[in-house]
Structure formats: structure tokens, C-alpha cells
Amino acid sequence: MKTLLKGGRVIDPASGLDAVMDVLIDGTQVAAIAPNIAPEQADEVVSLTPQHWVTPGLVDVHVHFRDPGSPDKETTETGAAAAIAGGFTTVCVMPNTSPVIDSTPMVQYILNAAKPTGIQIFPIAAVTRGLEGEEMTAIGTLVSQGAVAFSDDGKPVSSANMMRKALEYSKMFDVPIVCHAEDCSLFGNGVMHEGYYSTLLGLPGIPSVAESVMVARDIELVRFTGGRVHFAHISSKESVALIRKAKAEGLPITAETTPHYLALTDACCQAYDPDFKMNGPLRGEADREALIEAVMDGTIDMIATDHAPHTPDEKSMAFDCSPNGVIGLETSLGVVLTQLFHTAKLSPTAIIELMSSKPAEVFKLKDSGRLSVGQRADITVIDPEKEWTVDPARFRSKSRNSPFKGQALKGRAILTFANGQCLFREPGSLLATSSL
């Protein structure tokens, strides 16, 4: 099967391409990228306009599919469906499942579960067995089996000595340790950001220093060991300042933030709605502005969702009793375009770099993050002007815990191709398709 995407704006940050071009998909690969490819070369032609962006498939290096262990929240199948609907063709799943992804059989389980979905799903394995912080996993063996990084996400690696050892071992295999930056003694029993609104609402707070103290520690350990750290879900201006300084020194550090930290603040918690509860918590306006600046100047390397499904029953509990976490795969692109593109803060190329090419580069996902001839045909077609309202009832995800429910967004994926197959077509799109 040959499909021709005709007349769209092709954006590939990895090669610097940004031009109106045609893209020919032949089977599982990109066969040609050129102006005016003859329609007769294809079995199917999708007519686009220069308004449509044709990009490498989006990449999310931080998702929770709850598989194995919690199929009532999400499964690999439903998580992948949510990813595809959001324009993502590659995701990396975190290890805090039940059982934990800390062994060869569990890494193989994830890779096997991925095969029927059509997208690429890579396991991030645990740093310590059972996420218990006491015994390091077999990093070399797990890398050889397909693990692309290591993290105890959901928990910090509290022991500095354990983190040192993990960095020393991971350095030998050139894989990052993904740091859940949190000092548990400072976190305490907090449920939201410590500040004006936590005082107003009478809820125990989490100070921003609970994150930045651990960021500072791990920067020092990187300096000492030479290992690579990737900081997950950065939420505070203090952490941004530390990361910016460390990167200026040339330390091997990367970082991500999430769409909810770029769009929302702790003021959203005033309704006591648990769909605004996550870890790290939504912080103040100054933090949000610092994160946007960090995304713009490259201090933050990528945007990831930290897609964390929970059941409606769990998220209908009182704010202080409900679990942390929100879903984001189906809203991520819309939020980023609304917040950063339509406010003229970032160019289309910069957005696709943050959401595709850079995460693929950092995590060394060789078949992702590029749109070039001979490459696996993972392609997202984006309409940046598409206006829509977030309705969780229409999500492909099994869960509904979105902080963006009811919000109007501008921009979304309208076609998602994975390995050459069109796996998603936005129901409201008016694209003309013809078969030859």
C-alpha cells in the first residue's frame, strides 16, 4: 500500500526541513519527500494544505499504562489508543507497575504487549528492585533486553549512595537515570503546593524546595560520576535555575516538564477537584512563567505528559485522600499549541523538537523523531488551527482524570500513521482522500 500525503507543510527538526512538500509512504517506510510527487505513484492520496503540519510521530518518554497490575485504570491497548489519538507513535512506560518492571521477564512482557498496538512502546526499568531503594537492578542485562532508561518514578532514589552507584553503572551503557526529584522528608503529608492557596484552602503543602533539593543533589552526583540524569516532571522555578546553571557547565543533564505545569497553577485547586492533584504539584504563576521561559531557551529539553490514569472512584474521593496523577496523552498537543504556538512563544519547528526529535535523541530511540526517506513511517499530521473542547467522555484512554476537561483548545492531531499504517483519523477532519 502506497499513501501520498500531498501539499502539507513538512517539518523535520532533525534535518532542518520546513517546507511545503509531498510525502510518499510505501509500506512501512517513507519512500520520498519532494515537491509535486505524481499522484499516480500512490494507491491513496490524502490532500492537505500548507496549513497542515506533517511531522515525525510525536514521542512521549513518560507515561504510565498501569500494565501489568491495574487494568481498571489503563491497559497497554487503551493507553496506546490514547497515544495514537494524541498524535504519539512512540512512548516510554514507567516501571511502577505490579509487578515492577525490574527484571528480564518484565521488560519482555512490555515489549510483547506493545506489538499488537502498532506503535513503539519502550520500557523504562526500575533503578532498584521492587522500587524499594535497597538493591540495584541488573542495569546491563536490562539494557541488553530493551530497557532504554532507568527510574524509580513514583518514588525518589532517596539514598545518595544508591544514586551514585546507579549513575556509575548506567554510564557504562550510556543510558539515563530518570530522576523523580523529591525529598520525602520535606514532602511530608503534603497534597498541593505550599503557598497562599494551600493556606487558604487549609490543605497541607509541599514546598518547592522538596523538588529543588533533590535536583541539586543529583546535579552534584552527575558532576562526581559523569553519569547521565534526566529530570522528570520539573515543576518549580528553583529547579529550573539549578538545571540551567548545570547545563551551562556542560554537565550531561536533560529535563522535561509537562503541559499542565505550562498551563495551570495552584489557583486551580480552589474547587478541591482531585483532577488538579499531581506530584509534583501545580505551583505558582512565577513557576509557570519560569517553566515557559525554560522551554523557550532550551533549559527544558522536552515536554512529556506523565500520563497517569486513575479510576473515577479514586478521583471522586476528597482532594487530600485521592491519588496523585492526571492523564494527558490526548490533550498534550492541544495544550502546547494553545499555550506556546498561538501565543507566538515557539515556532512549529521548536514545538516538534520538544515533542518528537529531542526526546527521541536523548533516549536514543533510533526509529523515532525523524521524518526522512528510508525512515520508519511514523508520521503525525497536525491542524494547528483546529478548535475543539476537551470532553473526557470521548477519550480513548480508560480513565477520565483530566485537568483540562471542558477547556477550549486550538490545534490537534488529525492523522496518525505508525509503521506506515493510518491508525487514527480525527472524526471532524475534512481531508479529501482518493484511491487510485
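Phe 417 has Cys 422 of strand E18 as its bridge partner. The structure is a predicted model, in which local features need pLDDT of at least 70 and side-chain atom pairs count only at pLDDT 80 or more, while totals for chains, interfaces and linings use all residues. Residues are numbered from 1 along each chain as its sequence is written, and side-chain values use heavy atoms, with hydrogens and water left out.

Strand E17 (residues 408-418) runs antiparallel to strand E18 (residues 421-425), and four bridges join them. Strands are DSSP runs (E, at least two residues), as are helices (H or I, at least four residues), numbered from the N terminus; two strands pair if DSSP finds at least two bridges between them. Two residues lie between the strands of the E17 and E18 hairpin, where Asn 419 adopts a positive phi near 55°.

Eight strands form an open sheet with parallel pairing, in the order E6-E7-E8-E9-E10-E13-E14-E15. Its edges are strand E6 (58-63) and strand E15 (302-303), each of which pairs on one side only. Within this sheet, two bridges link strand E9 (residues 149-151) in the parallel sense to strand E10 (residues 177-179), and Ser 151 has Val 178 of E10 as its bridge partner.

Beyond its neighbours within four places in sequence, Ile 121 is in contact (heavy atoms within 4.5 Å) with residues including Phe 65, Val 91, Ile 110 and Leu 111.

Pockets were located on a 1 Å grid over the protein atoms alone, as open sets of points where a 1.4 Å probe fits, with protein on both sides within 12 Å along at least five of seven lines; lining residues have an atom within 4 Å of a point. The largest pocket is lined by 23 residues, with His 64, Arg 66, Asn 96, Gly 154 and Asn 324 nearest its centre. The second largest pocket has 13 lining residues, of which Trp 388, Thr 389, Arg 394, Arg 396 and Arg 412 are the closest to its centre. Strand E16 (residues 379-389) gives the most to this second lining, with three residues.
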